[in-house]
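Please look at the sequence and the structure first.

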Amino acid sequence: MNKIGMQRTDSIRNIAISAVTVQDLETVLPYVIEFRKQLFPMLDPQKVPSDLLNFKQLYLDEKDGTFLQARDKSGKLVGVIGMLTYDYRFPHLDLDARKTVEVARLFVDPDYRRSGLGTALFRQLTKVAKEKAVERLYLHTHPFLDGAYEFWLKQGFYLKECCDESGFPTIHMEQVLEQRTDQKYLVEQELTK
């Protein structure tokens, strides 16, 4: 491994990943909004997406939502990822009734890209999804986001569909999580129907 690769690997050993709480909102929300502006300069920066306007409700209060943060040893925010209940706003995708969440807002500081931090954030998010009995992860990305499609393929997602959404080429992807078959879980699922 070269010296740069070694430094990047060492740098994520000092990263703490945790769930965002209400107390974290004053740093996390501006971070996400600013990161979005940088990645999508073609969008109106004054128009905040509904998931960010309703951040607390969708990511913190909803039972299937979560938002994770990565902070370095000094407490600096260096990455985030979230999931929220999928709202089926793309009816053409033909997603069945499995319990589905949308993976959203994976942002990693440029200094930490290609260090494994994005993968670490996603793995932690997957653990949370499994604890919440999520059956499918859905996401969409765009071809102009360098390396995003390839990253998600490496994480186990597969291509669902490519199409134009609101004037942007969009790549829809999904990952079906392993199904739990233990008896206690199956009984709990039956009782909640």
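## Backbone angles and cores

R105 counts as buried because its relative accessibility is 18%, where buried means under 20% relative accessible area, exposed over 50% and partly exposed in between (1.4 Å probe, protein chains only). The model is predicted, so local features need pLDDT of at least 70, side-chain atom pairs count only at pLDDT 80 or more, and totals for chains, interfaces and linings use all residues. Residues are numbered from 1 along each chain as its sequence is written, and side-chain values use heavy atoms, with hydrogens and water left out.

Most residues other than glycine have a negative phi. Two exceptions are set out below.

| Residue | Phi | Location |
|---|---|---|
| S166 | about 55° | loop between β6 (158–165) and β7 |

Helices (H or I, at least four residues) and strands (E, at least two) are DSSP runs, numbered from the N terminus. S166 is exposed, with a relative accessible area of 75%.

The largest nonpolar core has 25 residues; such a core is a set of buried Ala, Val, Leu, Ile, Met, Phe, Trp, Tyr and Cys residues joined through side-chain atoms within 4.5 Å. Those with the most contacts inside it include I81, L121 and F157. Among the elements that give two or more residues to this core are β3 (77–85), β4 (100–108) and α5 (117–131). The most comes from α5, with six residues.

Beyond its neighbours within four places in sequence, F157 is in contact (heavy atoms within 4.5 Å) with residues including V103, L137, W152 and M173. A second, separate core of 15 residues includes V28, L52, L77 and A104.
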